[in-house]
Amino acid sequence: MALRCPLCESSYVRRAHRKGVLEQLLSAVYVYPFRCQLCTHRFLSLQWGVRYARQEDPRQYERIGVRFPVQFSGPQTTGKGIVTDISVADCAIETSLPFKQGDVLKLELSAKTGRPPIIVARAAVRSIRPGTVGVQFVEVSDQEQARLHRLVGEMVGVWITPVSHPPVPSTAPAAMEEHSR
Ligand SMILES: [Zn+2]
């Protein structure tokens, strides 16, 4: 019953939006796309007899409520804030500093005291609300990405098997999936 990611075996997966005509047709026979919330792998799975309600939330990743400090630095702004929720692909930061949509920042996420911060080399500001900005992780080294997966996995209480190759970025075509095993 529990759906698992074929790549990292985590059960922390979420229904993804259907892309293209083929996936529209497949959904008629209960084959749906899913996105692993830890390793970002996108895959199709047969869920016989299951019908999903139309999703209103366009977000690919579910964010988890947290509270830890972050240091950010960009060409215009350097400062500190508090991460209030996070996924493997993005996070929200509570800060009083002004940002613009599209600003690019380096982030140092101090998720655990006494441990070096997780470094996001490039993150882009995607949404701005009073006192909070939403940033998408654009460039993260494999090592830091693995730490990010572990952190999110721990927070949701899911164990993951280490992935032997870097995960496919969510924006890239899912062509590498066939050779992953
Ligand atoms: Zn996975």
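Which residue of β5 does G65 stand opposite? Select G65 and then D85, for D85 is the residue of β5 that G65 faces.

The model is predicted: local features require pLDDT of at least 70, side-chain atom pairs count only at pLDDT 80 or more, and totals for chains, interfaces and linings use all residues. Residues are numbered from 1 along each chain as its sequence is written.

**The whole chain**

Colour the chain by secondary structure. It contains two helices and nine strands, where helices (H or I, at least four residues) and strands (E, at least two) are DSSP runs numbered from the N terminus. Their order along the sequence is β-α-β-β-β-β-β-β-β-β-α.

Select residues 64-73 and 78-86, which are β4 and β5. These strands run antiparallel and are joined by eight bridges; two strands count as paired if DSSP finds at least two bridges between them. Four residues lie between β4 and β5 in their hairpin.

A residue is buried if 20 or more other C-beta atoms lie within 10 Å of its own, exposed if 12 or fewer, and partly exposed in between, with C-beta atoms placed from the backbone.

Centre the view on L109. Not counting residues up to four places away in sequence, L109 touches F68, V70, V83, P117, I118 and V120; contact requires C-beta atoms, placed from the backbone, within 7 Å.

**Helix α2**

Finally, select residues 142-156, helix α2. Its 15 residues should span 21 Å at 1.5 Å a residue, and the end C-alpha atoms are 21 Å apart, which agrees; the expected span is 1.5 Å times one less than the number of residues. Show Q145, R147, L148, H149, L151 and V152, the buried residues of α2. They pack against β4, β5 and β8 (118-129). Just after α2, stop at G157, where phi is positive, at about 75°.

Key:
Contact = placed C-beta atoms within 7 Å.
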